[in-house]
Amino acid sequence: MREAPYRTELKPYGRALVELARTREDIVCLSGDLTRQCEVDLFQDVFPERFVHAGMAEANMMSMAGALAREGLQPWVHTFGVFATRRPYDQIVNAIACPNLPVRIIGFMPGISTPGGPSHQAIEDVAIMRALPNMTVIDVADAVEIRQAVPRIADLPGPVYLRLKRGEIPVVFDDDHEFRVGAGRQLLPGGEVALLTSGMMLPATLRAAAGLRAHGVDAGVTSLPTIKPLDHGAVLTAVRGARGVVTVENHSVVGGLGSSVAEVLAEAGAGVPLRRIGLRDTFAEGSRTGPYLFEKYGLSVREIVKAAWELTGREGPAPEVAVPEPETGEYAPV
């Protein structure tokens, strides 16, 4: 695992899908009028005969994908996460999930990684997609996992929802890291407090753990890139003997990773106090930059450290942890 600051890559998903399609002639690519923004301009350039412009009609695009799957093809559908889930939900249910068809739904700009306000912020996409029978839900953390996840979801039975950050994608893991669908991974052992995270919140969680450890808190970090099916064993291993658990997600605290972990802990009778870092049952405002939103709505290194510190029962305020200033701009990592 690499140390911050992380280098970044552009369009790791787009390149991985093109490489997969070179060996899989059944793959067809659908775009909801966001071709460049979802990195599939690369696919269009190489395989124009297997590319479909569905336009700004996401419900129709999902129905189209279901029909293509029934004809033996494997459709990969692309748009922003909010338009991939909230807008066409009924069509996903009836045309894809209920008949258990091999459609891959790729939702970009999760949570508040976009400053575009409630109309563009997919803050409930994990909750509604994991509620669907047959649906696999994946929220990968970096460019390495993206490159590995693309070929590994190709042969999964049934539909898949893959949640991806747009723009500069950090490279957190070394090349020998292995992403496996349904498997979590403990990245840092720690017996006092367990930090559990998914997706683009991994870098912030690692920084928080480093800050806590520097102040005497034995903080562990477990990455859970597959939210459904969740790796129960990884969750219970991470929390064994811990004084508290903190989940960290770029999503509402209602129905996402934190809720999934709470279900596992309750059913196992783990009896470990839990704090959830995420949007507190609210819509976020629009903004000029994403990093401002992460700070305002509590999805920050500072809030992770504070939650973990309070769970340990230590006296005094939580320590301040230095965080590098993010670059500004449309693609700024946060």
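To what extent is strand 2 (residues 27-31) enclosed by the rest of the structure? Five of its five residues are buried, so strand 2 is largely enclosed; buried denotes under 20% relative accessible area, exposed over 50%, and partly exposed the range in between, with a 1.4 Å probe and protein chains only. The structure is a predicted model, in which local features need pLDDT of at least 70 and side-chain atom pairs count only at pLDDT 80 or more, whereas totals for chains, interfaces and linings use all residues. Residues are numbered from 1 along each chain as its sequence is written, and side-chain values use heavy atoms, with hydrogens and water left out.

Within strand 2, the side chains of I27, C29 and S31 point one way and those of V28 and L30 the other way, and all are buried. Strand 2 runs parallel to strand 4 (residues 74-80), to which five bridges join it. A parallel pairing over three bridges also links strand 2 with strand 3 (residues 51-53); strands are taken to pair if DSSP finds at least two bridges between them. S31 takes part on both sides, with H78 as its bridge partner in strand 4 and H53 opposite it in strand 3.

At the level of the whole chain, the secondary structure consists of twelve helices and 14 strands, assigned as DSSP runs (helices H or I, at least four residues; strands E, at least two) and numbered from the N terminus. The radius of gyration is 19 Å, close to the 20 Å that the globule rule gives for 334 residues, so the protein chain is as compact as a globular protein of that length. This radius is taken over C-alpha atoms, and the rule is 2.2 Å times the number of residues to the power 0.38. The C-alpha trace spans about 65 × 45 × 40 Å along its principal axes. Of the 334 residues, 57% count as buried. Among contacts (heavy atoms within 4.5 Å) with a separation of 6 or more, 79% are between residues 24 or more positions apart.

T312, located in helix 12 (residues 301-312), is buried at a relative accessible area of 1%. Residues up to four places away in sequence aside, T312 touches E192, V217 and R243. P110 lies in the loop between strand 5 (104-108) and helix 6 (125-130) and is likewise buried, at 2% relative accessibility. Beyond its neighbours within four places in sequence, P110 contacts A122, R163, L164, K165, M200 and N250.

Cis peptide bonds join A4 to P5, with omega about 0°, and K228 to P229, with omega near 0°. P5 belongs to the segment before strand 1 (8-10), while P229 is found in the loop between strand 12 (226-228) and helix 9 (232-239). Positive phi values occur in the non-glycine residues D33, at about 65°, and D281, near 55°. D33, in the loop between strand 2 and helix 2, is partly exposed at 44% relative accessibility. D281, in the loop between strand 14 (274-279) and helix 11 (290-296), is exposed at 64%.
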